[in-house]
Amino acid sequence: MRVNLLHQSCSVSVLDYRCDARPGDGPSAERHSRFSVSYVRRGSFGYHSRGASHELVAGATLVGHAGDEYGCTHEHHLAGDECLSFQFSDALADSLGATAAWRVGALPPLPGLVVLGELAQQTADGRTELGLDEVALAFASRFVGMALGRREPPPRVSARDRRRAVEAALFLDAQSCEPLTLEDTAAELGLSPFHFLRLFRAVLGVTPHQYLVRARLRHAARLLATGAPITVIAYDVGFGDLSNFVRTFHRAAGVSPRAFRKASRGDRKILQERLARGA
């Protein structure tokens, strides 16, 4: 089993699991250390827990209850399997509600979860503006609703909630150069990450991570008009590495940071070509 940690905070962890076990490899008894929902990205395997057995295929969801023992078998697939696993603290799992949902063991491929699972994978690959912790919470919330056969009601937003959301946006903008997480900002408001995410999105129309990335892009666009090196700008505004900055900026602006700098210095041809392509 190969495990790659993609995100970690006190409340949410996201891990990439790649198992190369083959038929004939006996199941080993393991125990879930946290509440988890794992999206099966590829392959198939058997999952046995709490006296029940489940056959999981691509698109299915494995559900782990903290403290439960489990075992996996691999009788039907020769090429291994891959999962994207979202793991939560006890407090966060409790804030999502519905204790019974965490004991279902597994869910088959369901449209509402499949699309979020693929969105999470795209996010893990750096192809979206979302945060992995945000997608993990969205997946978990959708899972709870589907496990219990209910739809999640829209959040009720009070005047106090609106003030909180605006205060959070101001905090994110002021601290955008720092490596902030959803959990960091939620703690500033005294809210759980799940409730903060719902509140912020309901009031401002974007997720906290989207707002944070766009704040960094605003600051970067401003600095690109100066003579500072692009690598320095990328790190100064809060991007963890140059390639991530270049990719994100190009997706937003339609041109590379270097081309944007040329345009800011009077090269109208770059912007004209961009507008022509978008027409």
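Q: Let's begin with strand β9: which residues point one way from β9, and which the other way?

A: Keep in mind that this is a predicted model. In β9, D81, C83, S85 and Q87 point one way, while E82, L84, F86 and F88 point the other way. Both sets are buried.

Q: How should I read that burial for strand β9 as a whole?

A: Look at how many of the strand's residues are buried. Here 8 of the 8 residues of β9 (residues 81-88) are buried, so the strand is largely enclosed by the rest of the structure.

Q: Which strands do bridges join to β9?

A: Take each partner in turn. Strand β2 (residues 12-19) runs antiparallel to β9, with 8 bridges joining them; V12, for example, has F88 as its bridge partner. Strand β4 (residues 35-42) is also antiparallel to β9, joined by 7 bridges, and there S36 stands opposite Q87.

Q: Now the rings: how many aromatic pairs are there, and how do I read the geometry of one?

A: The idea is to check the distance between ring centres, then the angle between planes. With centres within 6.5 Å as the rule, the count is 11 aromatic pairs. In one of them, Y47 and Y70 have ring centres 5.8 Å apart and planes at 45°, so this pair is tilted. Y47 belongs to strand β5 (residues 44-49) and Y70 to strand β8 (residues 69-73), so the pair links distant parts of the chain, 23 residues apart. Both Y47 and Y70 are buried.

Q: And what about F88 and W102?

A: Their ring centres are 6.1 Å apart with planes at 65°; angles over 60 degrees count as edge-to-face, so that is what this pair is. Since F88 lies in β9 and W102 in the loop between α1 (90-96) and β10 (106-107), the pair ties together parts 14 residues apart in sequence. F88 has a relative accessible area of 0% and W102 one of 2%, so each is buried. Ring pairs also link F35, F88, W102 and F143 into a cluster.

Q: Which residues touch the most other members of the largest nonpolar core?

A: The general idea is that in soluble globular proteins, nonpolar side chains tend to be buried together. In this model the largest core has 41 residues, and V37, F86, F88, W102 and F143 touch the most other members. Helix α3 (residues 132-147) supplies the largest share of this core, 8 residues. A second, separate core of 11 residues includes V213, I230, F239 and F245.

Notes
Residues are numbered from 1 along each chain as its sequence is written. This is a predicted model: local features need pLDDT of at least 70, side-chain atom pairs count only at pLDDT 80 or more; totals for chains, interfaces and linings use all residues. Side-chain values use heavy atoms; hydrogens and water are left out. Buried means under 20% relative accessible area, exposed over 50%, partly exposed in between (1.4 Å probe, protein chains only). Helices (H or I, at least four residues) and strands (E, at least two) are DSSP runs, numbered from the N terminus. Two strands pair if DSSP finds at least two bridges between them. Rings of Phe, Tyr and Trp (its six-membered ring) pair if their centres lie within 6.5 Å; planes under 30 degrees apart count as stacked, over 60 as edge-to-face and the rest as tilted. A nonpolar core is a set of buried Ala, Val, Leu, Ile, Met, Phe, Trp, Tyr and Cys residues joined through side-chain atoms within 4.5 Å.
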